[in-house]
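Biologist: I am new to this one. Please show me the structure, and then I will ask about parts of it.

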Amino acid sequence: MPLLTLSSGTVHYMEQGKGAPLVLLHANPGDSQDFDAVIPALAQTNRVLALDWPGYGGSDVPADPGSMTVLHFYRVLREFITALALPPAFFIGNSVGGNAAARLAVESPHLVRGLVLVAPGGYTPHSLLTRSFCRLQGSGLSLSPRRFAGLYLKHRTPTANAMLQRAATLQSTPERVALNRAMWRSFARPENDLRQASTHIKAPTLLLFGKHDPAIPAHKDGKAALQSIPSARLAALPCGHASFAEVPELFLAQVQPFLAELGSTRHAIEEAGVQPIR
């Protein structure tokens, strides 16, 4: 269980495989085990690093969990990359993890070789309804982590069932519920919106949305993300919010060729003696 001490406290991450680094970033709530169904396949060709955000998995709960925001998680990602001295990497981010990965591609394009954004946050065309729901989930009247996960996970695979179990136990302690609510409050703030900023993303980007995701729907958020990111391609899969856990075979059928294509392109550039664009 590798651990790193960052400004937010000690964070845990999982590492497996060799090759170009591939960083996996989970949703709120969640942890690195959410990717268990796909890590073995991804680690055949990449050095896979799956991070636990502060307060989740094996990472320390922040001193003031009720003050956390999407920008805090983004700063943790930057510290994580710096602490490990990672070369330019691929990123797979789900929900708030996708928000952090996309923000990194905007602000530090030289660090990002490619993006797989799985129902990423930051592309919601907000309305009175969506803002009201964020306020509800950020309040004492919020749906419990287990109940909400039960709504957005549409396929009960072993990995999805394990996610539900953790949502009902580890992620339902008072400190983690406070963290979950704080993140929901931040989702409706202007700084969470990446639609305009994402027009500057240069990294090749694969967008994966669930056709049956009630939280970040493909027909709205997916369309907005596709319009915002110049290099993006979109696939809508028959699942809810976490395709890597719900339909792992379909997820890998999209992701593995995408990563292989980017790897082959970079190899060809390097073989030709041309310096890649940073």
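Modeller: Helices (H or I, at least four residues) and strands (E, at least two) are DSSP runs, numbered from the N terminus. This is a predicted model, where local features need pLDDT of at least 70, side-chain atom pairs count only at pLDDT 80 or more, and totals for chains, interfaces and linings use all residues. Residues are numbered from 1 along each chain as its sequence is written, and side-chain values use heavy atoms, leaving out hydrogens and water.

Biologist: Where is the place of serine 32?

Modeller: Look at β3 and α1 (39-42). Serine 32 sits in the loop between β3 and α1.

Biologist: Does serine 32 count as buried or exposed?

Modeller: Buried means under 20% relative accessible area, exposed over 50%, partly exposed in between (1.4 Å probe, protein chains only). Serine 32 has 6% relative accessibility, so the residue counts as buried.

Biologist: How are α4 and α7 oriented to each other, roughly parallel or antiparallel?

Modeller: Axes are lines fitted to C-alpha atoms, for helices over the stretch in contact, and angles run from 0 to 180 degrees between N-to-C directions. The axes of α4 (residues 128-137) and α7 (residues 174-187) cross at roughly 160°. Angles under 35 degrees count as roughly parallel, over 145 as roughly antiparallel, 65 to 115 as roughly perpendicular and the rest as oblique. The two helices, α4 and α7, are therefore roughly antiparallel.
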